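Please read this briefing beside the sequence and the 3D structure shown below. It is arranged by topic, so that each part can be checked against the display.

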Amino acid sequence: MAVRTPDPEPEPNDGIGGFGDAKPPAPDANPGWLSEFELEEARRRLPMLYVEAIPVRTDGSGQVTEIGILLRSTPLGEITRTIVSGRVRFGETIRDALFRHVENDLGPMAFPLLPPQPLPFTVAEYFPIPGVSAYHDDRQHAVSLAFVVPVTGTCEPRQDALEVTWFSPEAAGSDAVAAEMEGGRGTLIRQALANLGLLR
């Protein structure tokens, strides 16, 4: 099964709505946007930088009670589980990229709690050749900064996400959930749980 690090559809003016009809902006409108041809050329020559977010819900004391995992449909019609993920644009801060992708995937009412200077819990490397690392993307070599992001609002998945399922930490780290995750992201979930002191 071909697994890819998802690319968000370009958003007109980075606003809300219009995802199905979105077109890449004109070159002068967003100088950081690559055409499909330029993106393919870059992927053949350079590692691509991504951010990934594992949304969590916490109780009043800050203890993680639920892990949010997206259910999505691939272009081939397969149903898989994944996490919030996307590229960092030229000139964009890591924090801004993280906020943009959480809002794109979980909706504007998710209300993520991002610190002023977010620190990843790990750096994941995706390779086009299976077996080089625990992570695989058949299109490219991608370097991903992975974060745990508490969300306090209502999550309504958008773009190619069908729903967000909230798992207990024990269920999120299970073999059954890991088997449904694309690109080796079950390992990423377990690393997040270990970082939070919740892996048993």
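The overall picture comes before the individual elements.

This is a predicted model, in which local features need pLDDT of at least 70, side-chain atom pairs count only at pLDDT 80 or more, and totals for chains, interfaces and linings use all residues. Residues are numbered from 1 along each chain as its sequence is written, and side-chain values use heavy atoms, with hydrogens and water left out.

**Overall make-up and confidence**

- The protein chain has five helices and eight strands, where helices (H or I, at least four residues) and strands (E, at least two) are DSSP runs numbered from the N terminus.
- Along the sequence these elements follow the pattern α-β-β-β-β-α-β-β-β-β-α-α-α.
- Of the 200 residues of the protein chain, 46% count as buried; buried means under 20% relative accessible area, exposed over 50%, and partly exposed in between, with a 1.4 Å probe and protein chains only.
- Among contacts (heavy atoms within 4.5 Å) between residues at least 6 apart in sequence, 69% join residues at least 24 apart.
- The mean pLDDT, the predictor's confidence in each residue from 0 to 100, is 84 for the protein chain, and 84% of its residues reach 70 or more.
- Over residues 8-28 the pLDDT is below 50, and this stretch has 30 contacts in the model beyond near neighbours in sequence.

- Leu 39, Ala 42 and Arg 43 are buried in helix H1, which comprises residues 36-45.
- These residues cover an arc of only 100 degrees around the axis, which puts them on the same side of H1; the arc is that of the directions from the helix axis to the C-beta atoms.
- On the other side of H1, Phe 37, Arg 44 and Arg 45 are exposed.
- The buried residues of H1 pack against strand E1 (48-58) and strand E4 (84-87).
- E1 and E4 run antiparallel and are joined by four bridges, two strands being paired if DSSP finds at least two bridges between them; Val 84 in E4 is the bridge partner of Ala 53.
- In E4, Val 84 and Gly 86 point one way while Ser 85 and Arg 87 point the other way, and all are buried.

**Glu 92 and helix H2**

- Glu 92 lies in the loop between E4 and helix H2 (94-106), and is buried, with a relative accessible area of 18%.
- The side chain of Glu 92 reaches the backbone nitrogen of Arg 89 at 3.0 Å.
- Leaving aside its neighbours within four places in sequence, Glu 92 is in contact with Arg 87, Ala 97 and Arg 100.
- The buried residues of H2, among them Ala 97, Arg 100 and His 101, pack against E1, strand E2 (64-73), E4, strand E7 (142-150) and strand E8 (161-167).
- H2 is followed by Gly 107, whose phi is positive, near 95 degrees.

- Phe 111, in the loop between H2 and strand E5 (122-127), has a positive phi of about 50 degrees although it is not a glycine.
- At 43% relative accessibility, Phe 111 counts as partly exposed.
- In helix H5 (residues 185-195), Arg 185, Gly 186, Leu 188, Ile 189, Ala 192 and Leu 193 are buried.
- They cover an arc of only 160 degrees around the axis, which puts them on the same side of H5.
- Gly 197, which follows H5, has a positive phi near 75 degrees.

Conventions
Polar contact = N/O pair within 3.5 Å; in protein donor to acceptor, adjacent residues only side chain to side chain.
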